[in-house]
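Subject: Structure handover

Hello,

Here is the structure for you to take over. My notes on what was found in it follow below.

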Amino acid sequence: MARRVHTTELGSIACNELSELGAGKEGWLIEDPNLICALDTQSLALANRSIILVLCWSENGDPNNSPVKIRPTLSQIEAEWITALEWLVFDEIRVLAIGTSSGYLMVYSLGADLIHKQMINPGRILKFRVRGTKRDLTQGSSSEEVCVVMPGAIARFDGADLLSMLQRWFQDTQSQFWDEKPKRGDQEDSERLPYQLWNVSKYGPGADAAITGMMPPPLMELQSAFIVGQSSQRYYCAVIIGDDAVISAFRLSEDRNRSLVGAILSKVVPATFSTIASFSKMIWRSGQQSPKRPEPKPQPFARASPLTCLKDHPRKGEKLTLSPSGTLAAITDSLGRILLLDTQALVVVRLWKGYRDANCLFMEMQVSKDAAASSSSYYEAMKSDYCLCLAIHAPRKGIVEGVADEDRTTPSNCSMLQRQ
C-alpha cells in the first residue's frame, strides 16, 4: 500500500544567505541546538546566536521577496546571544521580537530597523508566547498578550501597549524624509513599555511556562471586595514545568493601584532629572564628557502564590504547548509521556505513553464538512462545525497522530483520528 502524502508546496526559501546559518550540512535544520525558527504566514525567520534571516515566499513566486538579514547589537563583554524569536502581528503591522541571554527584549521591523529595546530581567529569555486573551471574565472583548518566559520568572505585556508603541514608531518613520535614515540607539532611552513580572522559582527554575488566562481572586479577597467594593487586582494563572516539579501552577496578582503609582513615578522622575540635567548643561557649559549611562534596574516582582505542584522523580517536564483558548495544555516529559492538562481545574485529564522527543500542536478541524456539503450547495462553516485537535509528532516513530475531542466538552473523551 502506497504511503499517503498530505503536504502542499507553499514556496521556495532556498538562497545563498542560508549558508551563514549552516545550510548545506546534513541535519543542519534539526540538529543545531542554537538554531531558532519562527513561522508566520508566508514568512519564516531563522536565527543563530548572532544573525537573523527573514525569508518570505508568495503563491505567484514574486522575485522581489529577497531575504532580510538582521544583526542585533549584542554585548560582547557579556557574550550575549539570541535565545528567543517570535513574530508580533497586529493587523497590518508585522515585526520580530527577539530575546537575548542577558534578558533584553528587542523589536525589529522587516526593514532590519531597531524599534524598541528594553531590559526585562537579568537572565536568559527562553521563549515568547503570543495569544489572544479576554479582558474580563464577564465580557467578551479580547486583546493580545505577550508572555516572556525566563528561568524562574515570567513577564506579561499587554498587546495594547505594544500596538500603541508600534503605531507611533511607524507614524514617525513615515513622516521622515525619504533620504533620512531612522535613528538607531535612541530606542533604549525611549519610554519603557509597562509590564508585570513574577517570580515563579519556588519549585526550581523551570524549563517552560505559560500564562493560561485570568482566574478568580482568592475567597477572602472576593468577600472583602463584595463588602468594600470592586477589587483593584487582576489574577492570572501560570503553569510551569521543570526538573523538580513536572507541573506547578501559580496565581499571579496584578495590583493596578501599585502599577498606576509606579507608572506615574517612572514618567515623572526621569523627566524631572532630565530637565534639571539639561538646564545644568546650558548654564555651566561643562566641557567634561558625560558620565556612562547607568545600567537599567530590574523591575521588582509582583506577588505569585503557589496553587499546586506535581513531583514525580525522575520525571522532568520538557515542553509545554498551550491551546488557543488557554484551557488545555499538552506537556511532554523525559519519560516519553504526554500529559493533557485542564488549566482551569489544574487536573491531568489524559495521558499518552511512548512519545519520546515528541512535539505537540493544537489546531482546529472541521468535523461536519461532508454532511454540510451534501445538504446544501452553499454552506458557510460555523464555529460549531469545528473541534479542537491535538497533533502529535513522534520523530522516533516517524508518524504524526491527531487526537480530537469528539463532543467538544470533555477533554477526557478523546479518540485517535488517523496515523500517517
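Contact here means heavy atoms within 4.5 Å. The model is a predicted one, in which local features need pLDDT of at least 70 and side-chain atom pairs count only at pLDDT 80 or more, while totals for chains, interfaces and linings use all residues. Residues are numbered from 1 along each chain as its sequence is written, and side-chain values use heavy atoms, with hydrogens and water left out.

Overall

The protein has five helices and 24 strands; these are DSSP runs numbered from the N terminus, with helices being H or I of at least four residues and strands E of at least two. Of its 420 residues, 39% count as buried (under 20% relative accessible area; exposed is over 50% and partly exposed in between, with a 1.4 Å probe and protein chains only). Among contacts between residues at least 6 apart in sequence, 54% join residues at least 24 apart.

A394

A394 sits in strand 22 (residues 386-394). It counts as buried because its relative accessibility is 3%. Apart from neighbours within four places in sequence, A394 is in contact with Y355 and I399.

Nonpolar cores

A nonpolar core is a set of buried Ala, Val, Leu, Ile, Met, Phe, Trp, Tyr and Cys residues joined through side-chain atoms within 4.5 Å. The largest one has 25 residues, and I120, F128, F157 and L166 have the most contacts inside it. Several elements give two or more residues to this core, including strand 5 (82-90), strand 10 (142-150) and helix 2 (159-175). Helix 2 supplies the largest share, four residues. Leaving out neighbours within four places in sequence, I120 is in contact with G103, L105, I125, M150, A155, F157, Y195 and L197. A second, separate core has 17 residues, among them L74, L85, L96 and A112.

A112 is not a glycine, yet its phi is positive, about 65°. This residue lies in the loop between strand 7 and strand 8 (114-119) and is buried, with a relative accessible area of 17%. L346 also has a positive phi, near 55°, in a residue other than glycine. L346 is in the loop between strand 19 (338-342) and strand 20 (347-352), and at 25% relative accessibility it counts as partly exposed. H313 and P314 are joined by a cis peptide bond with omega of about 5°; P314 is in the loop between strand 16 (304-310) and strand 17 (317-322).

Aromatic pair

Four aromatic pairs are found in the whole structure (rings of Phe, Tyr and Trp, the last by its six-membered ring, with centres within 6.5 Å; planes under 30 degrees apart are stacked, over 60 edge-to-face and the rest tilted). One of them is Y203 with F250, a tilted pair at 6.0 Å centre to centre and 55° between the planes. Y203 is in the loop between strand 12 and strand 13 (208-214) and F250 is in strand 15 (residues 247-255), so the pair ties together parts 47 residues apart in sequence. Y203 and F250 are both buried.

Regards
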